[in-house]
Amino acid sequence: MTTTVPAKAEVRQSPPGTADGPRRRPGRIRRIGLPYLLLLPALLLELLVHLVPMVIGVLMSFKELTQFYIRDWTTAPWNGIDNYRMSVDFNAPVGEALLHSFLVTLAFTLLSVGLCWLIGTAAAIYMQDNFRGRGLLRALFLVPYALPVYTAVITWVFMFQHDNGLVNHVLHDQLGITDKPSFWLIGDNSFIALLTVSVWKGWPFAFLIVMAGLQNIPKELYEAAALDGAGMWQQIRRITLPSLSPVNQVLVLVLFLWTFNDFNTPYVLFGKTAPQAADLISVHIYQASFVTWNFGTGSAMSVLLLLFLLVVTGVYLVVTSRGRRTKHA
């Protein structure tokens, strides 16, 4: 009987640098780098459209840039922080006008955001019930938000006309609320007209966001609350509003930034020169830059506006995040 010795298995040695680990690394790097490669065009466009003009605007704010240097703004003399000093000198005409515009914008923004949120939330809660024509009513509610800004505001310009406008026709001729037709686009009434247009075209956005947030609230919570004897107002206070807190935090911030920076609405409504009662800071900066041709001062005002909005946003995010951590603790 002969014993057969099994042959020794061959061990294939890979050449150096072709092991499994190094062989898999290039594929892993490609998978990780692919998302960044896909984001690169958007990042480049963001750099060209926003960041580059922002940096140029900051540089212009340190120059004495007037209409004499428009051909080549880099040749304008260096002005240091004089443009900023002039803008915040509230005892001087330029600083006093900027402070007035800032206060008007702040009051306008707070009223507009509050009314947009209130009307949008009320409409979204009402639309949660099933009734005939609910889909059509939802579509009609979104019409002001879907219309182009210029089309909507120009329509309001005709409605606010003194002699043949619809607003005076209804308030004076039909209802008799006013003693005589009012001037809505000049004087103190211009603030009311601007606020009306802003709320009219802004509340559908709040309605849309709140309505989407309401879809995430379980109906069992309302059913259990109803069995416990909670009425409609108690359910809204104890269930709806607390559940919508994360949505409302983002919604209020977005509405505040949009409204505070709004330029299209007052510009189309009043033109290049807004009444003093409706002198929003966006139009005020436009006048300082393109009407008086003082681009250095206008750029300094723009930078101050940017810093203010950054501070408000940072404080708002810190306060809301701290409130969420306290609630979950």
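I first looked up helix H6 (residues 149–159) and helix H8 (residues 189–214), whose axes come within 11 Å and cross at roughly 140 degrees. Axes here are lines fitted to C-alpha atoms, for helices over the stretch in contact, with angles from 0 to 180 degrees between N-to-C directions. H6 and H8 are therefore oblique to each other, since angles under 35 degrees count as roughly parallel, over 145 as roughly antiparallel, 65 to 115 as roughly perpendicular and the rest as oblique. I noted that Ala152, Val153 and Trp156 of H6 meet Thr196, Val197 and Trp200 of H8 (contact: heavy atoms within 4.5 Å).

The model is predicted: local features need pLDDT of at least 70, side-chain atom pairs count only at pLDDT 80 or more, and totals for chains, interfaces and linings use all residues. Residues are numbered from 1 along each chain as its sequence is written, and side-chain values use heavy atoms, with hydrogens and water left out.

I next checked serine 87, found in helix H2 (residues 82–87). Serine 87 is buried, with a relative accessible area of 0% (buried: under 20% relative accessible area, 1.4 Å probe, protein chains only). Its side chain reaches the backbone oxygen of asparagine 83 at 2.8 Å. Not counting residues up to four places away in sequence, serine 87 touches Gly95, Leu98, Thr297, Ala300, Met301 and Leu304.

Threonine 121, in helix H3 (residues 93–126), is likewise buried, at 5%. The threonine 121 side chain reaches the backbone oxygen of tryptophan 117 at 2.7 Å.

Technical notes. Helices (H or I, at least four residues) and strands (E, at least two) are DSSP runs, numbered from the N terminus. Buried means under 20% relative accessible area, exposed over 50%, partly exposed in between (1.4 Å probe, protein chains only). A polar contact is a pair of N or O atoms within 3.5 Å; within protein, one must be able to donate a hydrogen and the other to accept it, and residues adjacent in sequence count only if both atoms are side-chain atoms.
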